[in-house]
Amino acid sequence: QARCLCVLHVGFAPGMTDDVEQKKKDFAYSLLAYGLFLAGAGTFGSYLHNFEFAAMHSMYSGCSTGAVMWICAAMASLDGKVSKLGIHLSIVGTLALIVVMGAQAYRSYGNPEKFDRFVLFVIMFLGSVVNMVRSIMLKPKSAKTAKTAKKKA
């Protein structure tokens, strides 16, 4: 049986439980939402400066990191090593964004000329933290790990 979700193909691999598959779907959907959040926040940052050339990097970086998260979501929804790679790349990418957004918020804190950037960086930092928590909660375990956990319980 195979189910098609938008552009994501989620197949049932031998040895995978429905719970693992559901977590993979939820993880992928969470990454899609996070990618949309990043693209929207970056575009809003450019909007705050009337899409002036000097502020367009905000939209470019937001949309490109959003696209990376969408690619990770597509990878996470597949089976095998590609799924694991997509899941772990998205977690590492989210951690990098937490560090970058936190550092940028710190650098712009207290500067009245950069107050709009400060607010945007704080929002993106908090959104990234929320995504990291969701990613850790939704991270699917392999069928082997799930069986080991059930035996211990």
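## Charges and a greasy patch on the surface

Lys-81, Lys-84, Lys-139 and Lys-141 together make a positive surface patch. A patch here takes residues with over 30% relative accessible area and no salt bridge, joining like charges within 9 Å and nonpolar side chains within 5 Å. Lys-141 sits in the loop between helix H4 (115–138) and helix H5 (143–152).

A quick word on the source: this is a predicted model, where local features need pLDDT of at least 70 and side-chain atom pairs count only at pLDDT 80 or more, while totals for chains, interfaces and linings use all residues. Residues are numbered from 1 along each chain, and side-chain values use heavy atoms, leaving out hydrogens and water.

There's a nonpolar surface patch too: Phe-44, Tyr-47, Leu-48 and Phe-51, with about 400 Å² of accessible area together (Shrake-Rupley method, 1.4 Å probe). Of these names, Tyr-47 belongs to helix H1 (residues 18–47).

Now the salt bridges (a side-chain nitrogen of Lys or Arg within 4 Å of a carboxyl oxygen of Asp or Glu). The count comes to 2:

| Pair | N to O distance |
|---|---|
| Glu-21 and Lys-24 | 3.9 Å |
| Lys-24 and Asp-79 | 3.1 Å |

Lys-24 is in helix H1 and Asp-79 in the loop between helix H2 (56–76) and helix H3 (81–108), so this pair ties together parts 55 residues apart in sequence. Through shared partners, the salt bridges join Glu-21, Lys-24 and Asp-79 into one network.

Glu-21 and Lys-24 are both buried (under 20% relative accessible area; exposed is over 50%, partly exposed in between). Asp-79, at 32% relative accessibility, is partly exposed.

Technical notes:
Lys and Arg count as positive and Asp and Glu as negative; His and the chain ends are not counted. The place of a charge is taken as NZ of Lys, CZ of Arg, CG of Asp or CD of Glu. Helices (H or I, at least four residues) and strands (E, at least two) are DSSP runs, numbered from the N terminus. Buried means under 20% relative accessible area, exposed over 50%, partly exposed in between (1.4 Å probe, protein chains only).
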